[in-house]
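The sequence and the structure are shown first.

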Amino acid sequence: MRRGRVSMTATLPLTVKKSSLSLTSLQRVLVVEDHEPFRRVICELLQQRGDLLIVGEAGDGLDAIRQAEALRPDVVMLDIGLPTLSGLEVARRIRAGVPDAKLMFVTSESSLEVVDQAFSRGAHGYVYKPRALRDVLPVLEAIIRGGQFVSGGLERVAQGDSLASHRHHVVFCSSDAVLVGAFSRFIAGELREGNAVVAVVTGAHEQSLQSSLEASRVDVALAIREQRYLPVNVNQLLAKAMVNGCPDPSRYLDAAGDLLADVTRRATDRHARVAACGEGTSMFWTHGHVDAAIQLEHLWDEIAKSRQMDILCAFPLTARDGSVPAVRRLCAEHTAVEIS
């Protein structure tokens, strides 16, 4: 699956404490929703941001197309079940007439096939309505930055599970710079929230990550001194969990649990929550140990769930070129999927 299209393997409900949305220029938004009370909710959410401007509202498909062509918005947020014309057809026509507009669905449709249809018609983001208050601004941020995002834990919904209450997010990165940038934003946001962060990274990325954090005005030395930021070489963690060249689930779980408990114990603020980001699991995937990678991500999901914590994992974009069943299984172990 190539960049430029999100497949129905992508899933997510985000658990967001505060939006990190910070845009460099005013973004003009057209809101398309036929249910007026919900449209008001979305507009009120967008109006919380001074860098977003609602330039129009539409309640049906044909009016949405007319307004999009007349107003040329930066972002069009639209439902699928619209009067006069389906949101999927609206998306196709807006893509043809206003090609620069970012298309973001906000809908109660949870079918993975519908998600695929939405992206085949040019969508950049897909928000599941039950998660709208939590997901709209983060997904909007992602697509404006050039990524693609799917919201709603749709893989889990399709399997009959309830929406996840924790955050276990995976980003498929097109380059090392994208990976470092994603980790830097995650770590900076958690530290500013007063949380402690463990970053499990390769030696090649550790220095770049520190430089990126310092460029974001994070006092890395202070965070390390206060033991609120702990960079860990991925090989150190994996070495504790390996048996005959393969990861042992119980040993890995013990090693990860000990690491998180140690950070919690050492942090200056004893009430701080602990978050984690890392790329260790992807090393197994890229070396052909797909089942081991999925098993380890399952363990991280269990850790995130039991501790109610935020976790960000990174995989190379090429990982999505693997077998569809394997990619689906990998995505199903996460509550968030981004392609960047």
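## Model and confidence

The structure is a predicted model, in which local features need pLDDT of at least 70 and side-chain atom pairs count only at pLDDT 80 or more, while totals for chains, interfaces and linings use all residues. Residues are numbered from 1 along each chain as its sequence is written, and side-chain values use heavy atoms, with hydrogens and water left out.

The mean pLDDT of the protein is 82, where pLDDT is the predictor's confidence in each residue, from 0 to 100. A pLDDT of 70 or more is reached by 86% of the residues. Over residues 1-22 the pLDDT stays under 50. For this stretch the model has 93 contacts beyond four places in sequence, a contact meaning heavy atoms within 4.5 Å. Where pLDDT is low, the predicted coordinates should not be read in detail.

## Overall composition

The protein contains 14 helices and 14 strands; helices (H or I, at least four residues) and strands (E, at least two) are DSSP runs, numbered from the N terminus. Of the 340 residues, 54% are buried. Here buried means under 20% relative accessible area, exposed over 50%, and partly exposed in between, with a 1.4 Å probe and protein chains only.

The protein exposes about 14200 Å², and carbon and sulfur atoms supply 49% of that area; accessible areas come from the Shrake-Rupley method with a 1.4 Å probe, and for residues only the protein chains shown count as cover. Among contacts with a separation of 6 or more, 75% are between residues 24 or more positions apart.

Two strands are taken to pair if DSSP finds at least two bridges between them.

Six bridges join β1 to β2, and these two strands run parallel; L30 stands opposite G56 in β2. Five of the six residues of β1 (residues 27-32) are buried, so this strand is largely enclosed by the rest of the structure. Strand β3 (residues 75-78) also pairs in the parallel sense, over four bridges, with strand β4 (residues 102-107). In this pair, M77 is opposite M104 of β4.

Six of the six residues of β8 (residues 196-201) are buried, so the strand is largely enclosed by the rest of the structure. Both of its faces are covered, with A196, V198 and V200 buried on one side and V197, A199 and V201 buried on the other.

Strand β8 runs parallel to β12 (residues 274-278), to which five bridges join it, and A196 stands opposite V274 in β12. The pairing of β8 with β9 is likewise parallel and extends over five bridges; there, A199 is opposite P231 in β9.

## Helix α4

In helix α4 (residues 112-120), the buried residues include L112, V114, V115, D116, A118 and F119. Just after α4, G122 takes a positive phi of about 105°.

## Cysteines

The structure holds zero disulfides, a disulfide being a pair of cysteine sulfur atoms within 2.5 Å. C277 is in no disulfide, and the nearest cysteine sulfur, that of C313, is 9.0 Å away. C277 counts as buried at 2% relative accessibility. C331 is also buried, with a relative accessible area of 0%.

## Loop residues with positive phi

R217 lies in the loop between α8 (203-215) and α9 (220-225). Its phi is near 65°, a positive value in a residue other than glycine, and R217 is exposed, with a relative accessible area of 80%.

Q227 is found in the loop between α9 and β9 (229-233). The phi of Q227 is near 60°, again positive in a residue other than glycine. Q227 is partly exposed, with a relative accessible area of 32%.
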